[in-house]
Amino acid sequence: MIVMKDLAAYTLSDEVRPSRRDMNYGMPFGYGKRKYRHRCFLLVLLAAISACMLSGCLAAGSSNGLTSDSQVTDSRNNGDNSGLRIVTSIFPQYDFVRQIAGERVSLQMLLKPGEETHSYEPTPRDIIAIQNADLFIYVGGENDEWVEDILDAPEMEQVKRLRLTDCVENLKEEHVEGMRHKGQICMDTEEEEETDEHVWTSPKNAMQISIQIKEALSALDPAGKEEYEANLSAYLEQLSALDGQFREITQKAAGQDRHLLLFGDRFPFRYLAREYGLDYYAAFPGCASDTEPSAAVMAFLIRKMREEKIPVVLKMELSSDQIAHAVAEASGAEVRVLYSCHNLTVQQFEAGETYVSMMQENVETLKAALMY
Ligand SMILES: [Zn+2]
């Protein structure tokens, strides 16, 4: 009991959840040290939780609401349902499960609406939720190394898991001219060996992932197979229509030789860009831990805006708008958000926004950015 009480207090302290950015502040090459400390923290946490489970205090913890107070938990245990507990790390797969399983499962997203994905650190409560899940769906890749650490532990052996990066063909993270990466400015297009994990940003990939989620749900809950298949089929129609909208806009723009986007931000849209033949400049690659602007990056982006007469500086949701606004101000452009769908705001969540609704806004944003 004492252990769980301590863990709960630990969870609530801001001190134990420093953002990745804070931990990196002032030491651009300290990433390895951060990872090491993070790994130690997770292993200690997991050991403490296991000790707690052995001593039987988990049940008491649960009855105190330790596993059920998430604002993004849908308690769907009324009537005819499977009782499956599905836990997802971030929003895209949360929404895909919601569309495919409907009212049939209990669904929880670990990331809270409004939280920035790249700063997320799991709490003891999150680890317990993973351990109790019938299926845990995460992304894979560099940003999810904490997940692999946790799932490797013997206590997690029984947890069924689905990794988005296993559902589709992977692309390597790309570094284009002008980006800042690990404290350096990339001079030429170069490819690195890291997988770009933002696979869901292409609607075509979202279709493949949704099919795999349906397969996993059907295997765990054969009685629900028909329901999952019917919901999937309706959802694939929506995704296919979305793909058609992106294709129409980007093909029209390409007809006028317009296919260049500029991001005053990270660039997690590699899969979207490749699907629709878009080129880009950006301040940082995919899930880069670098987020401090440098004078050279700013100068490069402003020069490109002027040379290419680009009317819109893009940024992603829930990230700093410092660079995008500075570039826009210097070049007379407008700042718009292109949703990567890592997560949504509390207001968007409460308003029932979905992957498809946010991607439809992206279609409109691309019209402004490409067809001027
Ligand atoms: Zn990311």
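This is a predicted model: local features need pLDDT of at least 70, side-chain atom pairs count only at pLDDT 80 or more; totals for chains, interfaces and linings use all residues.

Guide: The axes of α9 and helix α14 (residues 355-370) come within 10 Å and cross at roughly 5°. Angles under 35 degrees count as roughly parallel, so α9 and α14 are roughly parallel to each other. On the α9 side, the contact is made by Gln 238, Leu 239, Leu 242, Gln 245, Phe 246, Ile 249, Thr 250 and Ala 253. From α14 come Val 356, Met 359, Gln 360, Val 363, Leu 366, Lys 367 and Leu 370. By class, this contact has 10 nonpolar, four polar and one charged residues.

Next, helix α8 (residues 203-220). This helix has 18 residues. From first C-alpha to last, α8 reaches 26 Å, close to the 26 Å expected at 1.5 Å a residue. Its buried residues are Pro 203, Asn 205, Ala 206, Met 207, Ile 209, Ser 210, Ile 213, Lys 214, Ala 216 and Leu 217. These pack against both α9 and α14. Their other partners are α5 (91-101), β3 (135-138), β4 (161-163) and α10 (270-275).

Now the core. The largest nonpolar core has 89 residues. Ile 213 of α8 is among the members that touch the most others, along with Ile 86, Val 97, Ile 100, Leu 262, Leu 301 and Val 313. The largest share of this core, eight residues, comes from helix α9 (residues 225-255). Take Leu 301. Beyond its neighbours within four places in sequence, Leu 301 is in contact with Gly 178, Leu 262, Gly 264, Tyr 281, Ala 283 and Val 327.

Terms used
Residues are numbered from 1 along each chain as its sequence is written. A nonpolar core is a set of buried Ala, Val, Leu, Ile, Met, Phe, Trp, Tyr and Cys residues joined through C-beta atoms within 7 Å. A residue is buried if 20 or more other C-beta atoms lie within 10 Å of its own, exposed if 12 or fewer, and partly exposed in between; C-beta atoms are placed from the backbone. Helices (H or I, at least four residues) and strands (E, at least two) are DSSP runs, numbered from the N terminus. Two residues are in contact if their C-beta atoms, placed from the backbone, lie within 7 Å. Axes are lines fitted to C-alpha atoms, for helices over the stretch in contact, and angles run from 0 to 180 degrees between N-to-C directions. Angles under 35 degrees count as roughly parallel, over 145 as roughly antiparallel, 65 to 115 as roughly perpendicular and the rest as oblique. Ala, Val, Leu, Ile, Met, Phe, Trp, Tyr, Cys and Pro count as nonpolar, Asp, Glu, Lys and Arg as charged, and the others, Gly among them, as polar. The expected span of a helix is 1.5 Å times one less than its number of residues.
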